[in-house]
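Please take a look at the structure below before reading on.

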Amino acid sequence: MAQAKTLTPAEIEQLLSHINTRKYAARNRSMMLLTHWAGLRIGEVAGLRWSDVTTTDGLVKDEIRLLPDMTKGRHARTVFVSAKLTRVRHQIPFSPVFDPSTLTKSST
């Protein structure tokens, strides 16, 4: 089987620049960085909870523990968060606090 193509640093910057122009940029940026820099599959990212990624103080954990029902092979695994991903923590909206004012209301 052929090796999957990886993105160059320039391609990553181009992708992040494009993501920043779109709706839900913070969420999409977070997902892209978790898949690229932490090696998570998109299904694993979709199954994450705030408590899987952050401490009770809101800091990014050093490792993410994936339960068997979250992984492709149904085997639990631990993903170590790279220093690179930890450094961009301020750019990622890791916050367990729900702010209802961020919801859009339809006018009727």
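At what angle do helix 1 and helix 2 pack, and how far apart are their axes?

## The helix pair

Helix 1 and helix 2 pack at an angle of about 160 degrees, and their axes lie 9 Å apart. Axes here are lines fitted to C-alpha atoms, for helices over the stretch in contact, and angles run from 0 to 180 degrees between N-to-C directions. Helix 1 is therefore roughly antiparallel to helix 2, a label for angles over 145 degrees, while those under 35 count as roughly parallel, 65 to 115 as roughly perpendicular and the rest as oblique.

Which residues make the contact? Helix 1 supplies I12, L15, L16 and I19, and helix 2 supplies A25, N28, R29, M32, L33, H36 and W37; contact means heavy atoms within 4.5 Å. Sorted by class, this contact of helix 1 with helix 2 has eight nonpolar, two polar and one charged residues. In that sorting, Ala, Val, Leu, Ile, Met, Phe, Trp, Tyr, Cys and Pro count as nonpolar, Asp, Glu, Lys and Arg as charged, and the others, Gly among them, as polar.

## About the model

This is a predicted model, in which local features need pLDDT of at least 70 and side-chain atom pairs count only at pLDDT 80 or more, while totals for chains, interfaces and linings use all residues. Residues are numbered from 1 along each chain as its sequence is written, and side-chain values use heavy atoms, with hydrogens and water left out.

## The chain as a whole

The protein chain has five helices and two strands, in the order α-α-α-α-β-β-α from the N terminus on. These elements are DSSP runs numbered from the N terminus: helices are H or I with at least four residues, strands E with at least two.

Of the 108 residues in the protein chain, 28% are buried (buried means under 20% relative accessible area, exposed over 50%, partly exposed in between, with a 1.4 Å probe and protein chains only). The protein chain exposes about 8,000 Å², and carbon and sulfur atoms supply 57% of that area, computed by the Shrake-Rupley method with a 1.4 Å probe. Among contacts between residues at least 6 apart in sequence, 40% join residues at least 24 apart.

## The nonpolar core

The largest nonpolar core has 20 residues, and those with the most contacts inside it are L34, L40, L48, I64, L66 and L85. Such a core is a set of buried Ala, Val, Leu, Ile, Met, Phe, Trp, Tyr and Cys residues joined through side-chain atoms within 4.5 Å. Helix 1 (9-19), helix 2 (25-37) and strand 1 (63-66) are the elements that each give two or more residues to this core. Helix 2 provides the largest share, five residues.

## Two loops

The loop between helix 1 and helix 2 holds N20 and Y24. N20 is partly exposed at 46% relative accessibility and, leaving aside neighbours within four places in sequence, is in contact with A25 and R29. Y24 is also partly exposed, with a relative accessible area of 48%, and its phi is near 60 degrees, a positive value in a residue other than glycine.

R74 has a positive phi near 60 degrees and is exposed at 54% relative accessibility. D69 is exposed with a relative accessible area of 57%. From C-alpha to C-alpha, D69 lies 9.2 Å from E44, although the two are 25 residues apart in sequence.
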